[in-house]
Amino acid sequence: MLKVLIVDDEVLERKAVAKILKNSFEDIQVIGEAPNGRKAIEMAGELRPDIIFMDIKMPGIDGVQAVKEIRKFDAGIRFIMVSAFNTFEYAKEVMQQGVKEYILKPSSKQDILEGLKRVADEIHLERKQTEEQHNLRENLNRAVSIAQKEWVSSLLINQVQDITFDEWGQLLGVEITSGHVMLFSLQAASNSEFTASEKQNWYKWLKETLKSVVKKHEIMIGPIMDTQVPVLFLTSEKLHFKTNAQLICENLISFFKKESFPGELRIGIGHPHAHAQELNKSYHEAVLAMEQLAKTANRKYSFCDKQGDAFEIPSESVYLEIEKKLLDTVRQGDINQVLFIFDSFVTKLEANKDLKVQMVKKSFDELFILISRMLHDLGINYDRTPSIDESEDITFIFEKGKQHLLAVVQQVQAWRNNHAKGMLHKAKDYIEKHYAEAITLESAAEYVELSPFYFSKLFKDRFGMTFIDYLTEIRIKHAKTEMTDSGKSLKEICYSVGYKDPNYFSRVFKKVTGLSPTEFRKAAIS
């Protein structure tokens, strides 16, 4: 609905224009009439019309002056100037104010309606473009958020092998020379748990506050797992690492105290590394720093003590490689490979002459955290983890870890055989019902309660095509059916199957069928 204000010192002229507009347009609302320029300025400020019919020659403040004043506080209002003075100077002056429509008195009904239609069409087009840009920004932000979560998730399970800081910098549009991970945790009081709503509210607060606090880093915020959130910090500046990390932590803790979250904020800080392939180590360091915090009552954040025996990161990269292989085989539900790789993992640990129960416990704790995150991303509810006591025998700890892995693999197998299969078919049904809407990978994944990353992977594994290829196939299939109806235009068909751009629809259609929509329709109808 477009709002119109009519300004003219002749009351009969105002009433006549108002009547014409009311009788001719259903989506036009005349919200007021003003007898002079001063009143027009006042009413424009209060009512904020979309269009003003403005008489030029009025006593006191004339129409040109009124336009100048109104445009100072609302440059978006469109003006249709009305005047009996057909002189170049008047037309020239209002044109300088951005006014494009100029109607001469006495105005015919046709002149009024045609002028208004041109201005209304311009407004509708601008609003459509603004809405499309807004939707594009929202989709882009959503896509970036998903991508960042997946990057961080891949980092945690050491799957980021081939990408470099230079390549990440190109993707983000900044120079990157180092990165580190911080692990944020919402700690509950003993014998209490957070509700799902409380966790999500804290997660939302953390994301918003980090973006306002962190100024000298690019950040990628990972997914929430229980009450922990890993965040990757990337920078190009030669910053004093500890000073900047402390400043970020102090600011976050200060803001956190002003909120009413039922718990306390804890932050584990991993050390910076100069290569993307080493960021997994920074995550491990952040996990260990969080363990250190558990042993101190008053500290809110901690750097990993890399010098302490209990918190030393294994220097052999083979440990991380075995972890990665183990996670991959658990995800596939391959029980034989899981047992084989776990035995290799244990063998590497036992090869350490200085092996201690503390070191085994640390290695297993890290491994089980990664497995828990992977299960969470898959949508598998299995939060049981083995409790390892440092007083237990190492051999017994190894056996306990093996039994836990076997239980996890059985859960994955059951999920792959039942849940995943059902969820993917449910996703196909969802696509077939909503193909004409602005459907996305994220919305389909959310519908079946899987992470977008694993939904995409499982969908392709199961059906042999990507999500977008399947959606395109469904849309083109329906478009081909509708083209047999000669009463529908190609533009109508384009919109009815979920495309917003007829040109893009034509390109996709020809790529899939080998014919343009026009060529296909001719062949189908003839």
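This is a predicted model: local features need pLDDT of at least 70, side-chain atom pairs count only at pLDDT 80 or more; totals for chains, interfaces and linings use all residues.

**Stop one: the parallel sheet.** Begin by selecting five strands, β2, β1, β3, β4 and β5, in that order across an open sheet with parallel pairing. Now look at the edges: β2 (28–34) and β5 (101–104) each have a single partner strand, so one side of each is left without a neighbour in the sheet. From one strand to the next, the twist averages 20 degrees. Zoom in on β4 (residues 78–83), which pairs with β5 in the parallel sense over four bridges. Which residue of β5 does S83 stand opposite? Click on L104 and you've found the one.

Helix α2 (residues 37–47) lies across β1 (2–7), β2 and β3 (51–55), and runs at about 140 degrees to β2. Then show α3 (residues 63–73): this helix lies across β3 and β4, at about 150 degrees to β3.

**Stop two: the mixed sheet.** Hop over to another open sheet of five strands, ordered β7-β8-β6-β9-β10, where the pairing is mixed. Here the edge places go to β7 (218–221) and β10 (301–303); each has a single partner strand, so one side of each lacks a neighbour in the sheet. The twist averages 20 degrees from one strand to the next. Select β7 and β8 (residues 228–235) together to see an antiparallel pair with four bridges. Within β8, L234 is the bridge partner of E218.

Is S302 buried or exposed? It's buried, because its relative accessible area is 2%, under the 20% cut-off. Among the residues S302 touches are I267, G268, I269 and A289.

**Stop three: the cores.** Select V330, F364, I371, F455 and F505, the residues with the most contacts inside the largest nonpolar core, which has 67 residues. Helix α13 (residues 394–434) gives the most to this core, with twelve residues. Center on F505 and show what it touches, including I476, M483, Y499 and P517. Finish at a second, separate core of 30 residues, which includes L186, F194, I248 and Y301.

Technical notes: Residues are numbered from 1 along each chain as its sequence is written. Side-chain values use heavy atoms; hydrogens and water are left out. Two strands pair if DSSP finds at least two bridges between them. Helices (H or I, at least four residues) and strands (E, at least two) are DSSP runs, numbered from the N terminus. Axes are lines fitted to C-alpha atoms, for helices over the stretch in contact, and angles run from 0 to 180 degrees between N-to-C directions. Buried means under 20% relative accessible area, exposed over 50%, partly exposed in between (1.4 Å probe, protein chains only). Contact means heavy atoms within 4.5 Å. A nonpolar core is a set of buried Ala, Val, Leu, Ile, Met, Phe, Trp, Tyr and Cys residues joined through side-chain atoms within 4.5 Å. Lists of a residue's contacts leave out its neighbours within four places in sequence.
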